[in-house]
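Here is a brief report on strands, surface charge and salt bridges. Please look over the sequence and the structure before reading on.

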Amino acid sequence: MRNSYPRPLDKIVEALLVQRLLLPVLAAMLIVVGATGFLVWQALTARQAAQAQSLAVRVEDYLSTASQILAAAGDISSETNPSENQIYLQKIRQAYQHFDLFYLLNEEGQVVQVEPYESRYIGLDMSRQPYFQVRAEPGQTAFTEPFNSFTTGRPAVYMIQSLPDGDMIVGELSLEALQAAITDDTILLDNSLAYITSASGALLAHSDPERFSLQQNMRDRGMIDPRYAYATRLIILQRNVDVIASQAPIRPTGWLVVVESPFFASLGSYILGVALVLVIMPILSIALVLQFGQHLRRGVVQPLAVLNQRVNQLTRGDFSHWMSFATISTSSVEIAELATNFQRMQMAIRSRQVDLQASEARFREMAELLPEMLFELDNERKITYANRAAAHNFGYLPAEFDENLSMDGLVAVEEAGLLRQAFNQVAEGEPLIHQIYRFTQHGGGTFPGELSLSAVRDREGDLTGFRCVVRDLTDRMRAEENLRRSFQLFTQGPVVVFRVQAGGKEMVEFVSQNVTQFGYRPGDFRSRPDFLHQVVYPADVVRVQQESEHQIAAGANFYEQEYRVSCANGEVRWVYDFTSVSRDPYGSPTYLDWYILDITERKHAEERISLQIQRLGALQMIDASITANADLTFTLQILVIRLIELLNVDAALVLRFNPKTKLLEYAFGDGFRIEVPTGVRLRVGESYAGKVVETRQPVRVISSPAGLAAQLKYSSLLKEGFVTYYGLPLIAKGEVRGVLEIFHRSRLEHDREWMDFLETLAGQAAIAIHNAELLENLQRSNDELKKAYKETIMGWARALELRDKETENHSKRVVELTMRLARRVNFPEAELENMWVGTLLHDIGKMAIPDRILQKDRSLDENEWETMREHPLLAMRMLTAIDYVKPAIEIPLYHHERWDGSGYPYGLKGDQIPLSARIFAVVDVWDALSYDRPYRKAWTQTMVRDYLRAQAGKHFDPDLVGPFLELLDHVEELQPIIVLPPQA
């Protein structure tokens, strides 16, 4: 087998130049060319997309302005009459020139107005035209598909906005501005074309006017696709023409802006530059590699060959041809210096010895600065060296250790033998020894110290001495004592400590002695499942375990929680648990340390405070209900429900004492399983509740269900199973208002706070009943007063009829018909009572008109009419002085006003006249014309109806005449009519 020798260095260099230099350079060149092509493509697409986006922004601004103009035209159309609107539309069209035409369409799609005005379009039904079937949401603008306008012949788009009244304002948008934006030379680059299309591909504008005139559908070009918004793609069109196309959406319309550029024309000089790189870079790379190889052979290979020759000579011991590094070419100084480094070794070794001595001095100085006590001893344990800390701690001067002091004399006499034994063990070959001794100081004091001892031997292994370090343990032992005391406090104080293995083992490793406060011993938990499964109250186990798992999984090192534990004697107590989680270097839990403190008393105090807060809240709620004069049943419902909840009783019942019947009657109850005794009626002295009223003292009974039911008069009580009964009198203002009864199905034990709260609730129930009685009496008095007012008003109305010689039942008829007409036109129900009063007293002002005028049987002269027209103002003066009838002033004051403003006393017009007066005016005129008067005979109903229709919009509100005539068609009999005031 032939031996394999390394290749010559020049061959290796040649291979390295080709494989590691030339080939990577060529590969890098290809990567650069590819990256250049990618960057060129990115630049082209970015430029193309910027053109499309710029055009889209222009178009959006134009459409936004047009939408605002159309909205302004719509607002003007809603607020002006047709003639004024025509003028405004003309001015808007001429001022902005965004629209060639405006249409105003009504809800049915008929043309109401057109600008420029063309009479032939007015009334034309455009609803079936596809362009007018587009509906816009209120406040939005809708756009139609493009079409050729049949008025201008130019391409156009309709913009449509809905008006609040249901009409539509339509503008025929001029596309000339879009065409101008596309043909602007400042936007498009050379060889680029741009166009705007609708979502369906219809052409809206084109940078080439000839193509725009053809109105070609651009979807065939393959770029019009809303799915590729903001996209730039390479598209091959017909005749194998490659183009770069970018599109941008126009947001309010769904239109697209497309910019196209010839692909190869866009590349331009980029192609020439890439071609030059592909040709020149390989030639230049090969030339540079060849030149680099020549320099490498001359500067490295040849000097190494010379150096190899000289080393072979030195190996053979031939020093005759020794050459210094100066004989080798200066381009290889490093190689020449390699030969001279041998001469420098001896000098370097000598220098290292000097440095070692300096280092020993430094370490000696450091030993003097250490706080530990350092000693060097001979083989007879005599001190040969002690550092500064040793002299200080033992109370000697540094020079005194040179007086052949022995280490044996530095320890207590009783421990000197142990020290000598330790020295003998180390001398016999045992390793380093650490022991604690009581050391004596020069002044007589002592201190505990830890001695670390080792032997010093020569090269042959013979003992030459010892080295030892003494550490003063005074502070450490004091800290250990404090730690011991702290641990004693920790294990015997109020906090119980558990240590449990984590990671699924859950075995208890340590329990502090003070676990006895829960009745357990530490041994009860050793090598058993964790504390959770043994001691935690069963109802809290799941919650505690879930919280622990959550905190551990979240990476918590500490967490806390409160829960209940079961003591050994069965008692349940509350504890606060602070848990510490120990983890390994990988973050997995290893131990859980539980620190548990009994907080039962604190929890009981919190429960008492919470209960008191709840009780105060219940009292506040009941007080609010009483203060607001709420319904008594509602107030008692709140009281009973909160009583059952906060006093923890099964059922409660409130009986109200009726002073008229002298009976206790059901008011409210809750908590009964069978039925609530709503029909109970008890006499004074009957049952426990009757005795409470009779004696005015509480009654408490604890008995069997049968015994308790025998004394009560509730039929279903035996089935309820109550054994405890409380009855409290409800006393307010010194009078018994009722009885509060409490029922419970077990023996009920309570404290003073429980009873105080019950008595407070009984007092509130008494106040609620008393307030309800006061409110009922007040309501009764108010109803009687209102009845008296209404009877008085009806008397006034009859007196007015007799004085004014009105027909019989005139007031009743007009009241009846006025109320019916008011309800027919949805007059507010809350104001019907005032209308009833105003109708009865509509002519109350005539009480101040002299009889010679009022009862005159022929026409009045001008002066008499002036006097007669004052009766509405006289009515106002009379009625405003009476608070009850003051709100009814509208009809007496305004019923002679007319819709056209020709009435009196103020000449009001239209909606300025109150609605109640307008309603009454129709009814009053109808009644005046339908019945005989002293100065004329009654009209026929046909004449009256014709008169009312003729006066609609003049004398009467035109919206009320029609409903009134329809009402008359359904009135079968007008006499006799019994008129009653509306119910409040």
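Which residue forms a salt bridge with Glu686? The partner is Arg683, and the closest N and O atoms lie 3.9 Å apart. The model is predicted, so side-chain atom pairs count only at pLDDT 80 or more.

## The Glu686 pair

The two partners sit in different accessibility classes under a cut-off of under 20% for buried and over 50% for exposed. Glu686 has a relative accessible area of 18%, so Glu686 is buried. Arg683 reaches 53% and therefore counts as exposed.

## Salt bridges within helices

The whole structure holds 28 salt bridges. Side chains of opposite charge can pair when their charged atoms come close.

One of the bridges links Arg642 and Glu645, at 2.8 Å from N to O. Both residues belong to helix α14, which spans residues 632–647. They are three residues apart, about one turn of the helix. Arg642 counts as buried because its relative accessibility is 18%. Glu645, at 46%, is partly exposed.

Helix α18 covers residues 752–804 and contains both Arg752 and Asp756. Here the spacing is four residues, again about one turn of the helix. Arg752 and Asp756 form a salt bridge, with 2.5 Å between the closest N and O atoms. Arg752 has a relative accessible area of 51%, so Arg752 is exposed. Asp756 is partly exposed at 33%. Elsewhere, salt bridges that share partners join Asp540, Arg543 and Arg564 into one network.

Why is strand β27 largely enclosed by the rest of the structure? The strand runs over residues 735–744, and nine of its 10 residues are buried, so the rest of the structure largely encloses β27.

Two pairings involve this strand. β22 (residues 651–658) pairs with β27 in the antiparallel sense over six bridges. In that pairing, Leu655 stands opposite Val739 of β27. β26 (residues 724–732) is also antiparallel to β27, and this pairing has nine bridges. Leu730 stands opposite Gly738 in β27.

β26 and β27 also form a hairpin, with two residues between the strands. Lys733 lies in the turn and has a positive phi of about 55°.

Strand β2 (residues 111–115) is mostly covered, with four of its five residues buried. Its pairing with β1 (residues 99–105) is antiparallel and has four bridges. Leu104 stands opposite Gln113 in β2. Five residues separate the two strands of this hairpin. Gly109 in the hairpin takes a positive phi near 90°.

The loop between β1 and β2 also holds Glu107. At 48% relative accessibility, Glu107 counts as partly exposed.

## A buried loop residue

Is Leu841 buried or exposed? Leu841 has a relative accessible area of 1%, so Leu841 is buried. Leu841 lies in the loop between α20 (832–840) and α21 (851–854). Leu841 and Ser811 are 30 residues apart in sequence. In space, their C-alpha atoms are 8.7 Å apart.

Methods. Residues are numbered from 1 along each chain as its sequence is written. This is a predicted model: local features need pLDDT of at least 70, side-chain atom pairs count only at pLDDT 80 or more; totals for chains, interfaces and linings use all residues. Side-chain values use heavy atoms; hydrogens and water are left out. Buried means under 20% relative accessible area, exposed over 50%, partly exposed in between (1.4 Å probe, protein chains only). Two strands pair if DSSP finds at least two bridges between them. A salt bridge is a side-chain nitrogen of Lys or Arg within 4 Å of a carboxyl oxygen of Asp or Glu.
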